[in-house]
Amino acid sequence: MSLESLISPLYEMVLLSTPIIFATIGEIYAERSGILNLGIEGIMSLGAAIAFVVTYVTGNIALGILAALIAGGLLALIHAFISITFNANQVISGLALAMLGLGLSSFIGENYVGLRLELLLQPIKIPLLSSIPLIGPVFFNQDILVYTAYILTVVLWFLLYKTKWGLYIRAVGENPYAADSMGINIYAVRYLCTVFGGILAGLGGAYITVAYMHTWREGITMGKGWVAVALVIFAFWDPLKGFLASLFFGGIEVAAIELYSLYGLNTHLTNMIPYAAIIVVMIFSASEIMKKRIGAPASLGKPFIREKRR
Amino acid sequence: MELPSSMSKIKMKIEKREEVSLEFDILLTFISICIALLVVAVIFLSFRINVFSAFEQIFISFLDVDIITVRMIPLLLCSIGLVIVFKANVWNIGAEGQLLIGAVAAAWVALFLMPNAPSYILIPCMFILGFLFAGIWALLPAVLRAYFDINEIITTLMMNYIAYFLVAYLASGPWIGKTVWGFKQTDLIPSQARLPQIKGTLIHYPTLLIAIVAAVLIYILLQYTKFGFEIRVYGSNPEAAKYAGINEAKVILLTMFISGGLAGIAGVGELAGLRYRLTANPKGLSADYGFTAVIVACLARFNPIAAILVSYLMGGIIVAGYALQVSLGISRGVINIFNGLILLSLISAEILKHYKVSFKVVKSK
């Protein structure tokens, strides 16, 4: 197999991973602060629908993406309010949010099903980097949102591990009572991280419709939001690993498509592969977590109630 | 006019509340539904949909007793299964897929295993195998949770997708019918495999009876048996359960098996009582019942008897959603919006259960 024949599937892999990268690194921030947001699937779906509708109506992709960011942030704000201010069960709140987002997206996108957008985001060649064999055409001949994903990953990794702010976030997720006595505002950190995660999930959803599929239909996210929640665990709550995990998942999706187109396997059978792969990945992460004794942020999913401080 | 707020202050007082009565629970549920209706009305208004004709349509739909009962059957079966796992604090979100596996089992029995058997053998066989197949399907995430501490929410969700594609594969590949004129679906199941319906309606009453009996049995299991006690202790405090010698794996595996099995029975009912065949579009059969059942279980406060009432109510909401689509062209997404909103307002209202909020106007100088 020549290098050239690898370029096209690997290029596709980057495209397919990009929405998941956004959702995963966003959810990593929410979970690092202690808030489990299971509503990502709904947020992505809403982002996908709103970005498509606004872009289609206005013809301006920037407006479409902006609308998706706002919608994602607002939806996550509901989850933040209910789970941080009301201390409610985060699992139920997240599931409800997923339903709400999926419902809103099919409601909003109803009259736009099957319409098509033209290619609005042209690939941009990065000088020098794009001339590296294989890596260049695969990673550095992409649209601006893919580059945004690269940059965000690095920035968010740096922020989380190398700055005071990152330390605060991690402290809030590990032991909010200790963080509280250090004078960190638990509520502010959790609100910010959850809403930020929602904004990124909205962006991920927007990428699916305006940059990749160029169309909208119900269920277009195909469970990518749930996949992101699983990949957060696989990435051990690290944005850099989250990026790689998303690429890996995109690779599996491409491999499934190739199996179908090259070997004529039944498309429904190959469609199962990515979801089965997530279960395998979960088993793998569980054994790693047991071996290395690294795990979820200790206060993940637990409400912070100041009067309970010990 | 001078505002009193400049002179006096409204003081909010929050106290801990100890006991919560049943009436209070019902009141909270009612308030949540009202809030959800209100928000939906606002959404309708902002999309220039005539709110009055929409609500009129919703009201009319609720008079459609027999269609609502048809919708209620799978909801009740799935939700009482979810009640038992949720009580154990195990989050099975895979009822949708488990329902489909039950339908696959029923189709297999009726089309391939014993298509010529008489009804009194065929129908019990479908129910038993539907329960077993779906129960075993639910055991995989249960084993992963019990022995490897793997999040069951994600695995059950992923298995929903696998079940969807499995049905689509079977209906368009190995099980494709001989008399379907190129449609991607199986043949109809033979007439002796079809469940009897109440005359003039689509209510397949054997499934309804099973569902109601199962609801009562689950109630007894949870309230009056040692295993039910173990489920409740493990669900509310897994640490304490460990010290009390409760077998964690047994609770997780058994509750998941029962939960999956009941969803499987719902699938058998949908296939043998209503649809009579599998198609390459499994959503048509499962119709989000598995997800809607999560709401039923929560609204019923994890009480299987209350689930009978609530699943009827949710059945009504589904029927209303379809009616809105047909008569006013409103997207069926509105059902999901409504469901999400009820659940969100319900858990927000839970805070009122634990705290008593009172307002007092305090005059300041």
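Chain B and chain A bury about 3,900 Å² between them, counted as accessible area (1.4 Å probe) lost on being put together, summed over both parts. Carbon and sulfur atoms give 83% of that area. This is a predicted model: local features need pLDDT of at least 70, side-chain atom pairs count only at pLDDT 80 or more, and totals for chains, interfaces and linings use all residues. Residues are numbered from 1 along each chain as its sequence is written, chains are lettered from A in the order written, and side-chain values use heavy atoms, without hydrogens and water.

How many residues does the contact take from each chain? Chain B gives 45 and chain A gives 42, with contact meaning heavy atoms within 4.5 Å. Salt bridges across this interface: zero. The cut-off there is a Lys or Arg side-chain nitrogen within 4 Å of an Asp or Glu carboxyl oxygen.

Now the core. The largest nonpolar core has 226 residues. That means buried Ala, Val, Leu, Ile, Met, Phe, Trp, Tyr and Cys joined through side-chain atoms within 4.5 Å; buried is under 20% relative accessible area, exposed over 50%, partly exposed in between (1.4 Å probe, protein chains only). F44(B) is among the residues with the most contacts inside the core. Leaving out residues up to four places away in sequence, F44(B) touches F107(A), and on chain B its partners include I49(B) and F55(B).

Last, the angles. Most residues other than glycine have a negative phi. N89(B) has a positive one, about 60°. N89(B) is partly exposed, at 35% relative accessible area. D288(B) also has a positive phi, near 65°.

Terms used: Buried area is the accessible area (1.4 Å probe) that two parts lose on being put together, summed over both.
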